[in-house]
Amino acid sequence: MLLPERGPVRSLAFSVLLRATGRGLFITVSVIFFLSSVGLSATQVGVGMTIAGVVSLAAGLPSGRLCDVFGPRAVSITFAGLGGLAILGYAFVDSFWGFAVVAALAKFADAGDSVARATLVGGIAPPGERVRVRAYIRAVTNVGWSIGGLAAGVALAVDTRPAYLAMVYGCAACYLGAGALTLRIPRVAPAPKAAEGGPTWIVLRDRPYVVVALLNTVLVMHLSLFTTIIPMWIKHIGAPGVMVAAIGLINTITVTLLQVRLSRGTGEVASAARAQRRAGALLLLACVLFALAAGQPVWAMVAALVGGALLHVFGELLQSAGSWGLSYELAPSHALGQYQGLFNTGWQAAEVVAPVLLTTVVIGWGWPGWLLVGALFLLAGLAVPPAARWAARTRSAHVDAQARLVVGGTAVTEA
């Protein structure tokens, strides 16, 4: 669908598009801004962003719980506003510790908003449509990043502090505007309140779901391959520098055009688990091709890198679709927020751990490292279907037990 029918999904799409455009504005210039305008060193930027990533891990479960208690729309609007104000803080940063604090606040708000938006999709879309809506939202996100990145190219060309500050202000305005647009989405009622004496963090007691989330965390490390490791590998093996941009273009176009199509049929547990398994196999093959690119003539090197990029992006598409299906279909409706919070925490953990781990293994070890990482993807993918079947078998007993701890029915969407 190019544009969904009028209603909550369309409103969410416009909100996500504006927010993604703002993120594209800022992310494209952020490192140069920190280095040349703020005056930080590369090491300080890396350490500060690592600290921010660790802090963001604390956002997942609490923000999910807030969604269950107050409703995801209110939580999303709140975190969008906090994120916009945090981004504004970058305009006043003039030291490492100031940068670290602002980055941690911005990253925390971003992680909380991600959980709230995922929960909001679960509230405004019926179970059979949630994966399709998530796929559409991801395609819209890519479009927004591209728009923001192109606009930020002007600031990079001008290369002055006022130009970079304009991107900071623009990003903050987009975040605040996205929060305002979220007001157009119908309110999703909070989940029923837990009975006295019942456990609050029921997702942590759901061992099958935790295992599925952990396996997804392993698979989602492929994102760091694309953002960090592949560009480093291209430079490491002496491939043409233009390949970094070419692979980025391949990924952006493919995700934008095919995410919705390849997500069809992954709205059930079994099909979502199979998508994860196929993703693991494709990611292994991608790693093999990237490894084979080293030491080849330029034409063969380019061919291996392009082939690896295509396999990687198709693995990415299937992994994303499978993760959405599993995260929704295995979660009880009375605690959808904290279940989404756990899955999102896995994504955040992969973002923190994967760059260091994969850099050490792949760049440090070369082709054996690529094969090891590929094997890890394959094993995680193969483990998802049995883990998902275990989780599915325990749903009735687990959900019935937890349902006895809540008062009233499940959350409903209100006009």
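Arginine 132 forms a salt bridge with glutamate 129, and their closest N and O atoms are 2.5 Å apart. A salt bridge here is a side-chain nitrogen of Lys or Arg within 4 Å of a carboxyl oxygen of Asp or Glu. Side chains of opposite charge can pair when their charged atoms come close. Arginine 132 counts as partly exposed because its relative accessibility is 36%. Glutamate 129, at 29%, also counts as partly exposed. The cut-offs are these: buried means under 20% relative accessible area, exposed means over 50%, and partly exposed lies in between (1.4 Å probe, protein chains only).

A word on the model before going on. This is a predicted model, in which local features need pLDDT of at least 70 and side-chain atom pairs count only at pLDDT 80 or more, while totals for chains, interfaces and linings use all residues. Residues are numbered from 1 along each chain as its sequence is written, and side-chain values use heavy atoms, with hydrogens and water left out.

How many salt bridges does the structure hold? There are six. One of them joins glutamate 351 to lysine 107, with the closest N and O atoms 2.3 Å apart. This pair links distant parts of the chain. Glutamate 351 sits in helix 13 (residues 336-365), lysine 107 sits in helix 5 (residues 96-124), and 244 residues separate them. Helices (H or I, at least four residues) and strands (E, at least two) are DSSP runs, numbered from the N terminus. The two partners differ in cover. Glutamate 351 has 40% relative accessibility, so it counts as partly exposed. Lysine 107 has 13%, so it counts as buried.

The side chains of aspartate 113 and arginine 117 meet in a salt bridge, at 3.4 Å from N to O. These residues are separated by about one helical turn, because they are four residues apart in helix 5. Aspartate 113 and arginine 117 are both buried.

Helix 5 also holds valine 102. With 12% relative accessibility, valine 102 counts as buried. Valine 102 and alanine 86 are 16 residues apart in sequence, and their C-alpha atoms are 6.0 Å apart in space.

Now turn to the rings. A search of the whole structure finds 13 aromatic pairs. Rings of Phe, Tyr and Trp (its six-membered ring) pair if their centres lie within 6.5 Å; planes under 30 degrees apart count as stacked, over 60 as edge-to-face, and the rest as tilted. Take tyrosine 90 and phenylalanine 99. Their ring centres are 6.4 Å apart and their planes meet at 40°, so the pair is tilted. Tyrosine 90 counts as buried, at 4% relative accessibility. Phenylalanine 99 is at 0% and counts as buried. Next come phenylalanine 96 and tryptophan 97, an edge-to-face pair with 4.9 Å between centres and 70° between planes. Here phenylalanine 96 counts as buried at 15%, whereas tryptophan 97 counts as exposed at 60%. Ring pairs also link Phe26, Phe33, Phe34, Tyr90, Phe99 and Tyr164 into a cluster.

Which residues form the nonpolar patch? They are Val31, Ile32, Leu35 and Leu156, with about 280 Å² of accessible area together. Accessible areas come from the Shrake-Rupley method with a 1.4 Å probe, and for residues only the protein chains shown count as cover. Patches are made of residues with over 30% relative accessible area and no salt bridge; like charges are joined within 9 Å, and nonpolar side chains (Val, Leu, Ile, Met, Phe, Trp, Tyr) within 5 Å. Helix 1 (residues 8-38) gives the most to this patch, with three residues. Leucine 156 lies in helix 6 (residues 130-158). Leucine 156 counts as partly exposed, at 34% relative accessibility.

The surface also carries a patch of positive charge, where Arg274, Arg277, Arg278, Arg389 and Arg393 gather. Helix 11 (269-292) and helix 14 (367-403) are the elements that give two or more residues to the patch. Lys and Arg count as positive and Asp and Glu as negative; His and the chain ends are not counted. The place of a charge is NZ of Lys, CZ of Arg, CG of Asp or CD of Glu. Helix 11 gives the most, with three residues. Arginine 278 is found in helix 11, and at 41% relative accessibility it counts as partly exposed.
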